[in-house]
Amino acid sequence: MSNIEDIRRFYARLMAANAASSDPRLEEVFASVPREAFLGPGPWTVIAGNAKITTPSADPAHIYQNVLVTLDAEKGINNGEPFLHAMWIGKLAPRPGEAVTHIGAGSGYYTALLATLVSPGGTVAAFELDDQMAELARRNLEAYGNATVVHGNAVTSPLPPSDIIYVNAGVVAPLAGWLRALRPGGRMIFPWRPAESIPFAVMVTHREKGFACHPFMRSWFIPCVGASAIPPAAKIPTRDEATRSRSVWLIEDRQPDSTATAILGEVWFSSDPVHAGDNG
């Protein structure tokens with residue numbers, strides 16, 4: 001049997017290095033939260049490209065790599081790539097005392113990392129629509145007293161006021177309610193999928209005068225139920241337009257103008273950054 005503590009520590013160092021975060025706690029939480037506790041009993045099925053490979057045994061050493069691990073193959077639900085999540089969490093820079101909303105919590109592994117990073121004083125509300133995943137996450141997170149699992153749809157349910165919104169399901173656009181839930185200075189990361197060929201991860205920051213946005217990498221997630229259909233009369237961005245988006249607006253606050261790169265239901269994206277004189 002391998003020395004799991006050494007393996008977990010090396011894995012955590014890799015995650016922190018990939019994230020390029022200045023927060024030394026990121027490495028600590030990846031080392032302290034046991035991934036195997038959120039995956040069900042091994043052996044596990046991991047995904048490599050289009051192939052699915054079963055680990056040789058239930059030794060947790062096999063899952064301390066940058067691999068997707070299958071949680072429910074029939075529904076396409078996986079525990080996602082740690083490198084990606086380390087990078088996203090590093091960009092969000094969670095701080096003690098902050099309130100996090102996690103949309104698409106799955107079995108709760110990344111919820112647990114977030115809950116640890118906002119301790120002491122912070123909370124995580126973890127939304128999970130799938131019945132079995134929500135129950136699994138609830139059991140897995142019992143040891144994390146500041147994390148609450150909400151078995152419900154974050155598209156139709158109001159979100160609590162949030163310093164961080166962490167979205168792990170692909171959306172055509174962030175919902176207006178999600179933007180309204182974001183406190184001043186708050187950050188949201190979501191997988192933006194306004195067209196089949198445009199899969200971006202986007203960081204949104206609630207500035208004093210509006211919502212700044214930054215598409216920063218390619219990203220593929222399963223679709224978010226209720227938020228993945230193209231709305232009527234939408235302006236679908238080209239790949240170049242999506243890349244050039246620098247702010248996102250609620251149409252009720254500001255009407256789309258010539259800078260619009262995408263118009264999607266109640267929100268629109270602009271190539272203009274948030275300016276000091278903008279209303280938002």
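# Cavities, pockets and helix packing

Me: Which elements each supply at least two residues of the lining of the second largest cavity?

Reply: In this predicted model, the second largest cavity is lined by Gly170, Pro191, Trp192, Arg193, Pro199, Phe200, Ser219, Trp220 and Phe221. Pro191, Trp192 and Arg193 fall within the range 182-195, whereas Pro199 and Phe200 fall within 198-207.

Me: How do the residues of the lining of the second largest cavity divide into nonpolar, polar and charged?

Reply: This cavity holds about 40 Å³ of space, and the element that gives the most to its lining is β9, with 3 residues. Arg193 is among the lining residues, together with Gly170 and Ser219. By class, the lining residues of the second largest cavity divide into 6 nonpolar, 2 polar and 1 charged.

Me: Which residues line the largest cavity?

Reply: The structure holds 2 cavities of 30 Å³ or more, and the largest cavity has a volume of about 40 Å³. Its lining divides into 5 nonpolar, 2 polar and 1 charged residues. The residues that form this lining are Ser21, Asp23, Leu26, Ile89, Gly90, Ala93, Pro94 and Leu117.

Me: Which element gives the most to the lining of the largest pocket?

Reply: Two or more residues of the lining of the largest pocket come from each of β3 (68-72), β4 (77-79), α3 (82-92), β5 (99-103), α4 (109-117) and β6 (123-128). With 3 residues, the element that gives the most to this lining is β4.

Me: From which helix does the largest share of the lining of the second largest pocket come?

Reply: The second largest pocket, with about 320 Å³ of space, is lined by 23 residues, of which Ala173, Pro174, Leu175, Ala176 and Glu266 lie nearest its centre. Its lining residues divide into 16 nonpolar, 5 polar and 2 charged. The largest share, 5 residues, comes from residues 176-181, that is, from helix α6.

Me: Which residues in α2 meet Tyr109, Leu113, Thr116 and Leu117 in α4?

Reply: α2 passes α4 in a right-handed crossing, and the contact between these helices has, by class, 6 nonpolar, 1 polar and 1 charged residues. The residues of α2 that meet Tyr109, Leu113, Thr116 and Leu117 of α4 are Arg25, Leu26, Val29 and Phe30.

Me: Are α3 and α4 roughly parallel or roughly antiparallel to each other?

Reply: α3 and α4 pack at an angle of about 30 degrees, with their axes 12 Å apart, and α3 passes α4 in a right-handed crossing. The contact is made by Pro82, His85 and Ile89 of α3 together with Tyr110, Leu113, Leu114 and Leu117 of α4. Because angles under 35 degrees count as roughly parallel, the relation of α3 to α4 is therefore roughly parallel.

How values were computed
Residues numbered from 1 in each chain as written. Predicted model: local features only at pLDDT ≥ 70, side-chain atom pairs only at ≥ 80, totals over all residues. Heavy atoms only, no water. 1 Å grid on protein atoms, 1.4 Å probe; cavity = no way out; pocket = protein on both sides within 12 Å on 5 of 7 lines; lining within 4 Å. Points joined across faces, edges and corners; volume = space filled by probe spheres on them. Nonpolar A, V, L, I, M, F, W, Y, C, P; charged D, E, K, R; others polar. Helix = DSSP H or I, 4+ residues; strand = E, 2+ residues; numbered from the N terminus. Left-handed = near helix turned anticlockwise from the far one by under 90°. Contact = heavy atoms within 4.5 Å. Axes fitted to C-alpha atoms, helices over the stretch in contact; angles between N-to-C directions. Parallel < 35°, antiparallel > 145°, perpendicular 65-115°, else oblique.
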